[in-house]
Amino acid sequence: MTKVMGDWVSELGGRAESATSISWRELQRRSRRENIGRAWYKFSRNPLSVAGLAIVLTIVFLAIFAPYVTPYPHHAGPFTDFENAKLPPNLKYLFGTDTIGRDILTRVIFGFQDALLMGIVVLALVVPPGVLLGLVAGYYQGTWIDTIIMRITDIFLAVPPLILALAIASVLKPNLMNSMMAVSLMWWPWYARLVYGLTSQLRNEYFVKSAETIGASKAHILFREILPNCVSPIFTKMSLDMGWVILIGSSLSFVGLGVQPPKPGLGTMVADGARYLPDQWWIPVFPALGIVVIVLGFNLLGDGLRDLLAAEEA
Amino acid sequence: MRLVIFILKRALHSIFVLLGLSVVIFAISRVLPGDPARMAVGARAPQWVVDNLRAQMHLDEPLYVQYGYWLIDALQGKFGISLVTRREVAEDIKEFFPATFELALFAGILMGGLGILLGTISARHKDKWIDNVVRVLSYLGVVTPAFVFAIIFMLVFGYWLKWLPTIGRLSEGLTRPPVITGLMTIDALLAGDLVVFWDALKHIVLPAIALAMGGLAQEARITRATMSDNLTKDYIAAERALGIPERVIMGKYLLKPSLIPTISILGLDFAGTLSSAFLVELIFNWPGISRYGINAMLRKDLNAIAAVILVLGVVFIVVNIIVDIVVAYLDPRIRLSAERSE
């Protein structure tokens with residue numbers, strides 16, 4: 001057994017080492033490195049996935065280093081320069097300037113910050129409870145626990161998330177924090193349902209049955225046996241959802257229930273700019289394209305991950 | 001008969017979901033810090049007026065009793081007075097809902113018609129240039145929010161090319177036809193007024209397409225995927241071997257089974273237009289229930305907010321039931337499995 005394993009490792013690793021000199025841990029490490037390498041190879045074969053990754057990395061980079069990469073960082077705040085107001089796109093201001101003379105390119109890049117923050121915070125708030133409820137409901141499928149949890153998720157899934165999120169955000173004070181809360185309250189049921197479906201299948205697998213037979217604790221079965229098998233779909237969904245959450249967030253800020261001025265929110269900029277159509281078309285159009293690019297990036301990335309993980313499982 | 005049981009079960013489940021939704025809406029309308037009675041009469045009213053109103057609105061009683069009163073009223077369509085329009089909320093809904101419904105209907109037709117057509121073309125010419133064009137466009141369609149389409153269409157077709165009007169349902173100077181259905185185009189046709197019909201139709205095109213784009217792209221993608229999957233099935237090969245014309249295979253034997261997933265998603269997307277309509281109506285100044293709802297939300301008009309969400313929730317749920325029935329009708333497997341689980 002070790003002999004075969006050793007041959008396999010040395011063949012793939014390209015190193016001539018005797019089978020006995022490799023520890024089990026070293027072997028595991030190598031095989032993990034192999035897997036990552038192979039996954040990356042497969043991922044990089046699809047130009048669209050790579051484009052998605054590139055877009056996402058670029059946006060993250062721009063957002064983090066916004067004060068250093070933008071041409072006029074001080075335009076992100078309450079700055080006015082009426083002499084240069086409403087300038088169409090030109091070499092000095094690539095995306096033009098808004099009604100009070102601020103550089104739109106700068107503001108779009110700063111807008112990425114809150115957009116990404118929105119996605120990250122919402123997913124961080126939503127995934128743990130959603131996954132936990134889905135695990136429990138799926139494992140106890142057919143009992144009252146399942147009924148209660150899944151009927152509650154049905155209620156939240158009965159209405160498009162934007163409508164309830166708008167309603168909740170509207171009764172709270174309008175700001176970024178509260179819009180995140182509103183979206184989070186609407187988003188956990190999707191994870192509960194995803195994990196519920198996976199768990200209710202997995203709980204009949206032999207490895208779960210044998211864990212039950214040897215008396216493993218419920219926590220062990222849920223978190224060590226079932227959860228690791230749900231990780232890939234959850235991960236894929238998170239990548240796709242980053243885009244959708246950002247979209248809903250920008251919709252909230254579009255109606256004035258999200259990021260508050262003078263901070264640049266992509267949705268707010270589109271909504272304010274729409275008033276200056278058609279003469280100053282660049283004011284709403286570039287922030288709108290910013291939203292499209294961000295959602296497109298995360299979608300391409302998510303699709304790439306899904307193909308990758310689906311191929312791995314097959 | 002079995003289909004009837006399936007529908008009844010589905011309806012029963014929906015009633016439960018609606019009740020749950022009403023609890024959520026009630027909770028939202030009570031989360032608001034501040035006294036609803038005080039908000040209704042304004043800050044200057046004397047305290048005894050507020051106290052009277054509190055008693056009248058049952059605000060002194062425990063929350064579950066309040067919920068009971070609220071639910072009974074809501075079931076009778078009594079949502080109270082809107083703070084914005086100072087009218088019965090039910091009246092407002094009656095006035096504004098048809099405009100949104102008309103918009104969603106046009107969007108739904110576009111999504112289904114064009115989506116399936118593009119998907120079929122794409123599948124028929126798989127991996128040719130036309131397929132690639134459709135795929136790229138539909139990807140962009142899926143990731144672009146409706147309000148971005150709204151702004152771009154408004155700019156290009158409304159302002160630059162000046163093909164279509166961009167604001168409202170009807171041009172100034174035209175009298176709206178007598179309200180029969182509330183759908184402007186249909187009412188105009190019923191009144192026999194072709195000028196108004198044509199004008200109303202021109203007004204609805206841009207918002208409807210902006211609303212439809214996302215769903216249209218989704219439908220095209222799904223139709224393409226199922227069709228090109230089904231194309232490799234044995235039964236298609238058998239039909240080709242039998243010499244059945246390609247047109248008949250495509251239009252009859254391939255289309256029907258391939259449409260099942262599309263129709264499920266189409267239902268969801270149609271209902272979803274009600275939510276994107278919130279922003280699109282705002283941009284095109286379309287006097288529908290969503291624009292009304294947004295204004296209510298921005299002014300914290302709780303009665304109106306509750307009514308709008310409840311109405312949209314009911315529509316959403318009804319559409320989903322209809323979709324389930326249509327799919328069950330189209331797909332014998334679902335019908336049969338519903339029977340077996342009895």
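Author: Start with one term: two residues are in contact when heavy atoms of each lie within 4.5 Å. Keep in mind that this is a predicted model. The part to look at is the contact between chain A and chain B, which takes 39 residues from chain A and 41 residues from chain B.

Now the area. The size of an interface is often given as the accessible area lost when the parts come together. Here, chain A and chain B bury about 3500 Å² between them. Of that area, 84% is on carbon and sulfur atoms. Look at the chain A side. Three of its residues lose the most area to chain B: Ile155(A), Ile163(A) and Val171(A). Together they make up 17% of what that side buries.

Go on to Leu172(A). Find it in the loop between helix H7 (161-171) and H8 of chain A. Leu172(A) touches Lys300(B), a residue of the other chain, and also Asn178(A). That list leaves out residues up to four places away in sequence. Is Leu172(A) buried, exposed or partly exposed? Its relative accessible area is 22%, so Leu172(A) is partly exposed. The cut-off for buried is under 20%. Distance along the chain tells another story. Leu172(A) and Leu257(A) are 85 residues apart in sequence, and their C-alpha atoms are 9.0 Å apart in space.

Turn to the partner within chain A. Asn178(A) has its place in helix H8. Its relative accessibility is 17%, and therefore Asn178(A) counts as buried. Asn178(A) touches Leu172(A) and Lys173(A), again without residues up to four places away in sequence.

Next, the packing. The largest nonpolar core has 153 residues. Which of them touch the most other members? They are Leu166(A), Val183(A) and Ile226(A). Yet the element that gives the most to this core is in chain B: helix H13 (residues 302-330), with 18 residues. Take Ile226(A) as a case. Leaving aside residues up to four places away in sequence, Ile226(A) touches Leu135(A), Tyr139(A), Thr199(A), Leu202(A), Val208(A) and Ile221(A). There is also a second, separate core of 6 residues. Among them are Met227(B), Ile249(B), Met250(B) and Leu254(B).

A search of the whole structure finds 1 cavity of 30 Å³ or more. Helix H8 of chain A, which holds Asn178(A), is one of the elements that give two or more residues to the lining. The others are helix H5 (104-139), helix H10 (218-254) and helix H11 (266-274) of chain A. By type, the lining has 7 nonpolar, 8 polar and 1 charged.

Last, step back to chain B. It has 14 helices and 0 strands. Its C-alpha trace spans about 85 × 60 × 40 Å along its principal axes. Buried residues make up 46% of its 342 residues. Now take its contacts between residues at least 6 apart in sequence: 69% of them join residues at least 24 apart.

Terms used: Residues numbered from 1 in each chain as written. Chains lettered and ligands numbered in written order. Predicted model: local features only at pLDDT ≥ 70, side-chain atom pairs only at ≥ 80, totals over all residues. Heavy atoms only, no water. 1 Å grid on protein atoms, 1.4 Å probe; cavity = no way out; pocket = protein on both sides within 12 Å on 5 of 7 lines; lining within 4 Å. Points joined across faces, edges and corners; volume = space filled by probe spheres on them. Helix = DSSP H or I, 4+ residues; strand = E, 2+ residues; numbered from the N terminus. Nonpolar A, V, L, I, M, F, W, Y, C, P; charged D, E, K, R; others polar. Core = buried A, V, L, I, M, F, W, Y, C linked by side-chain atoms within 4.5 Å. Buried < 20%, exposed > 50% of the residue type's maximum accessible area, 1.4 Å probe, protein only. Buried area = accessible area lost by both parts, 1.4 Å probe.
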